[in-house]
Protein chains: 2
Amino acid sequence: MLKTRLASALRHPLIRRQVHASAPEMTSVNKTAHPFDKIRFDALLNRRFFYAPAFEIYGGVAGLYDYGPPGSSLQANIIAEWRRHFIVEEAMYELDTTIMTPAPVFEASGHVARFADWMVKDTGNGEVLRADHLVKNVLEARLEGDREARGAALAPAPDKDKDKKKKKQQKTTAVKLEDAVVAEYESILAQLDNYSGPELGQLMKTHTITNPSSGNPVGEPQQFNLMFASSIGPTGQHPGFLRPETAQGHFLNFNRLLEFNNGRVPFASAQVGRSFRNEISPRAGLLRVREFTMAEIEHFVDPLDKNHPRFAEVADVELVLLDKYTQAAGGTTTKVMTVGAAVKEGVIANETLGYFVARIHAFLLRIGIDKRKLRFRQHMANEMAHYAADCWDAEIQNSVGGWTECVGCADRAAYDLSVHTAKTKVPLVVRQALKDPIVEEKSVAEWDKKALGKTFKGEAGAIVATVDALGEEGLVNLQSQLVQGSATIKTAEGKEVVLEPSLLTIQRKTFKTSIREFTPNVIEPSFGIGRILYCLLEHSFWSREQDVERGVLSLPALVAPTKVLIVPLSSKTEFEPLVKEVSIKLRQAGIHARVDDSNTSIGRRYARNDELGTPYGVTLDFASVQNGTMTLRERDTTDQRIGPIDEVIAVVEGLVNGKIDWAQACERLPVYDGVQAVE
Amino acid sequence: MLKTRLASALRHPLIRRQVHASAPEMTSVNKTAHPFDKIRFDALLNRRFFYAPAFEIYGGVAGLYDYGPPGSSLQANIIAEWRRHFIVEEAMYELDTTIMTPAPVFEASGHVARFADWMVKDTGNGEVLRADHLVKNVLEARLEGDREARGAALAPAPDKDKDKKKKKQQKTTAVKLEDAVVAEYESILAQLDNYSGPELGQLMKTHTITNPSSGNPVGEPQQFNLMFASSIGPTGQHPGFLRPETAQGHFLNFNRLLEFNNGRVPFASAQVGRSFRNEISPRAGLLRVREFTMAEIEHFVDPLDKNHPRFAEVADVELVLLDKYTQAAGGTTTKVMTVGAAVKEGVIANETLGYFVARIHAFLLRIGIDKRKLRFRQHMANEMAHYAADCWDAEIQNSVGGWTECVGCADRAAYDLSVHTAKTKVPLVVRQALKDPIVEEKSVAEWDKKALGKTFKGEAGAIVATVDALGEEGLVNLQSQLVQGSATIKTAEGKEVVLEPSLLTIQRKTFKTSIREFTPNVIEPSFGIGRILYCLLEHSFWSREQDVERGVLSLPALVAPTKVLIVPLSSKTEFEPLVKEVSIKLRQAGIHARVDDSNTSIGRRYARNDELGTPYGVTLDFASVQNGTMTLRERDTTDQRIGPIDEVIAVVEGLVNGKIDWAQACERLPVYDGVQAVE
């Protein structure tokens, strides 16, 4: 059925213009004609160099990937939309802070002590495995084997090929389990993130979990810090770490940001940048890597007022939620709620957290994530990062990791600013002028300084500090002791000191405060760009009903690496001026286009660009040279339209900028009747 | 002279519209009224948070800086223009490769052995100094002292304050030197980059150079590798380095890129990303940092054809050049040449290198670098990186580093692809179908395989390999020995083997080659974004004639962090709908604007934004509410115009997108006669 466009164009030198023809019925596209095929999908991504293992010619390194031209562009477009959606729309302050970080920062933040995973060692061959992943993989394989054993007794497998592949990958064996065991495994898996290292060790013993690749038992779980360590400067005396998140760079610059915002909260800083985690044994492609691009927002807010001025704009957004109570009870049933209701009922802690959850939701759908494969899961108590007060993950379903955390939205409370203040003695606080000064009575100790110095000499300072630290109740108590003759206090060093009434009196005084000083809380939406990108690729992948080998990535034009493919019929020089003209016009319209003048058929060139996710193609042929017309092809439908070059460019501009859809484009451009001859 | 705009607006509730008024004479702006003042300049950058020492509240770390909101935006805009100017304009392939790199890659590339600087240790206090910087600083200070001593005898210093400052910074003392010594120092400085470590050590002895901060002598120069080291994975068995350049990521992916380009050269890959260099003792602000953003291009080209198809477009561009011969002779005199002439006369090695030098030149001028402070300097032989065949640096003059390398443009020849091929045995080559196959006669050895195996057994393979490696001349030689009875060869292991004529014959055969296989050469333009950004800030800084304290950054709108400041007269709620309307309209026009509704006078808000480099400001006042007008202020002239809101937005759009200039804007918008009252 493949004829060359050349022949077709020669037979139709003059193409009837139907500029005012109404939009025809769109060719129906069945994007789920073939079940998702991971092997074909991976082959496409590899063949088209979306990404590839880094240092491949050196044998590669687990958890490190390079993005090729389409992957880089897709990533850049996702980030550009992220900037528009968050930074521009909410007037956030962008930062660009360093990756290399001196050790004291992560000592204060808690990362040196606690940013670790539990690992176990194979007692036979020394292989190192992540403890929770080992439990998960073994129990899931047993459940799969059970399902197979039960299913086999009930009905034949619907797709033998697929089953075989799966079996090979997971090394399942069809063994039926007791109903109670199935229930126990499911309960363990539902709360897997909630177990401590020793608990994981106990689970491995109870359920005889060994290393599946060797059959050997594993040792006790041990902590492994996930930060890459290095050393700054030539002396080797300054240890440093590569940041595992961009967040600390925001917190350390808090005072400068606050000043930039004229001393007021709320405001948000934002940063897109690389972070590093020395994962124990990464094996999940882009979902678990050792170096990755993050996009993080730190929204600083008054702890007494976590309402959000724009909350009303999102209150009606419906979300799929999986709360912590459901999970702690071993369940995974989600519920659909509006953000408004979730905040009102206390499911989501506050308006600001809810607002960002809704904004994250909108962002993910806008770039093309499948709504049916998106949910928000709340962290359970033990699972939560050491700094978080409440946390919701945007989880995206995919074939590798199941429901996978792609965005975290945490209320870090005042944790970070407080620990850095404590360590550096630099106050990271907001000072707010109060409209109505607060007037309060307080007890204070008034000392006879001469007598104090004479009695206690060098210790006087410590004694005054001890009394100051007693607080209101303690001072009232001290007063009542003094009235009775003398009072005994204990200094910070534990020394008991007796105070005589001649040394001090406790008095009530009136204080007027016109400045309120507080440490802001932080709401942190944190995006793993690589994970989102991977899930988006999976959700965009399908193949044509008539040809399973012909993959298509239906990426939205907004994020597609290239928006328009320019296809000259041949590399003949007579097309060159037209190719140049169209290229320049598209560039001037701000549309990213590429020319494909390679020596293959137009059909093959289109097929390659279907795999690259290029939404539109324009073809220049002899009719273009003669009549100044150009055809426009839509990727998903393979529908082709024709029109004058400038009109086609105007339509493409409307399509790419989201101002018109394909149906409207079809109203402006008549169908191209050479289509069948070309595809 | 400061009156509030409020009062002025009330006095002029109705503003006369002069839409068709002709452009008035522009206020003349004297941007060099005050000499460049480094202290005021630094204070501005710090106050407005363009950038700041990273980990400042922890005491900072030398060579690590964070970019605040205006610095981040300026950097993002420079990178965006870089992408348009290079990647989009030349259809390059963008990559995003990892920073963490396993050691074998840098062993092959030569970085483990040679990517080092020479350092010396203070023999008293152990302070570590970079050897070449020590020589440079001490000799420059002596020359400065000499100039002072000579100048003091001739004329009084024109600006005493400035001289005092300089003296304090450089610790110069006014000591006159012999004319011959001055000449020698100048010659040393002109070729400083050309000295090896031992030569630097000798210079320190000859000229008694000690550590200026302690007066102590320093030890022998030692090499210090500049790569940050780390370890990948949990076992500690896989050493890794943070990349010191993005280039290796391009080279390792060469085969994938070549395939992406349908097997043809030339093509170019491009990457923007972080790199790391563990500098010995960085003290030059953004000019010498330990972590930085680079933008690198690797243009792969046929070594037999380094012409460039677009060379004609740049041939007439005039460049300021400082070639290697001039420098090696101890001189620093530049010459002005067109790129065309420079390539023709062999000053620049080839067209492709020249093309990129011209494109770099155009890029730097476009973002706002001062043309008078830009030159291209050729590397001298010893100075050149270990991989380069020819190299030109774009040097930008600034107050900290003098003429500073900001872009390197190197011809790396086939070095990189060759070393990785040698190490991995993966051929990184182009296979080109030849139009006319090459037919040639060659000598080949034909073996009696049976006899060979019987005679040499396990050694047979090594013997065949040895003979194959002899080459044409060797085989002819072998043949003549065989004719005489027997031949002796030496295997790779050094073993001598005698070959009898019964084992082999040497024959002439005809070979036809229809594929040409070659390793492409690489032209590499490599941009240090932070250095360019710093120089651009210096070149953009000035202060108003009437007020030295009032700094202005005259950044071009193209790269300015914010394009338009929206200034409501007050934070009164009646301005809110208008502020929102203008914000949305500007956002829809793709123009980055910010609202400043802070509680200070309009004059102060404008002054702050002059320091932030915001080129335009629009003011909403009571007249805006009543008449729908808005004033537009231009940063450099402080000129103010007025017009209907939509017309002002249209003018701003034209200005920001470079479609009109300020004179044209003045033709469309009449002067605002309340100006004097506001400024």
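## The interface of chain A and chain B

In this predicted model, the contact between the two chains draws on 77 residues from chain A and 77 residues from chain B. The size of an interface is often given as the accessible area lost when the parts come together; here chain A and chain B bury about 6400 Å² between them, and 59% of that area lies on carbon and sulfur atoms. On the side of chain A, the residues that lose the most area to chain B are Ile57(A), Tyr58(A) and Arg256(A), which together account for 13% of what that side buries.

## Polar and charged pairs across the interface

Between chain A and chain B, 40 residue pairs are in polar contact, counting pairs in which both residues have pLDDT 80 or more, and eight salt bridges are found across the interface. One of these joins Glu56(A) to Arg256(B), with the closest N and O atoms 2.9 Å apart.

Among the elements of chain A, helix H3 (residues 69–88) gives the most to the side that touches chain B, contributing five residues. Sorted by class, that side of chain A comprises 39 nonpolar, 18 polar and 20 charged residues.

## Salt bridges over the whole model

Side chains of opposite charge can pair when their charged atoms come close. Over all chains, the count comes to 102 salt bridges. Among them is the pair of Arg47(A) and Glu611(A), whose closest N and O atoms are 2.7 Å apart. This pair links distant parts of the chain, since Arg47(A) belongs to helix H2 (residues 38–47) of chain A and Glu611(A) to helix H22 (residues 602–611) of chain A, 564 residues apart.

## Packing of H2 and H20 in chain B

In chain B, the axes of helix H2 (residues 38–47) and helix H20 (residues 529–540) come within 11 Å and cross at roughly 115°, and the crossing of H2(B) with H20(B) is right-handed. H2(B) contributes Lys38(B), Phe41(B) and Leu45(B) to the contact, while H20(B) contributes Tyr534(B), Leu537(B) and Glu538(B). By class, the residues of this contact divide into four nonpolar, no polar and two charged.

## Backbone features in loops

A cis peptide bond, with omega about 0°, joins Val265(A) and Pro266(A), and Pro266(A) lies in the loop between helix H11 (254–260) and strand E10 (267–276) of chain A. In chain B, the peptide bond from Val265(B) to Pro266(B) is cis, with omega near 0°, and Pro266(B) is placed in the loop between helix H11 (254–260) and strand E10 (267–276) of that chain.

Thr208(A), although not a glycine, has a positive phi of about 40°; Thr208(A) is found in the loop between helix H9 (197–206) and strand E7 (222–225) of chain A.

Key: Residues numbered from 1 in each chain as written. Chains lettered and ligands numbered in written order. Predicted model: local features only at pLDDT ≥ 70, side-chain atom pairs only at ≥ 80, totals over all residues. Heavy atoms only, no water. Contact = heavy atoms within 4.5 Å. Buried area = accessible area lost by both parts, 1.4 Å probe. Salt bridge = Lys/Arg side-chain N within 4 Å of Asp/Glu carboxyl O. Polar contact = N/O pair within 3.5 Å; in protein donor to acceptor, adjacent residues only side chain to side chain. Helix = DSSP H or I, 4+ residues; strand = E, 2+ residues; numbered from the N terminus. Nonpolar A, V, L, I, M, F, W, Y, C, P; charged D, E, K, R; others polar. Axes fitted to C-alpha atoms, helices over the stretch in contact; angles between N-to-C directions. Left-handed = near helix turned anticlockwise from the far one by under 90°.
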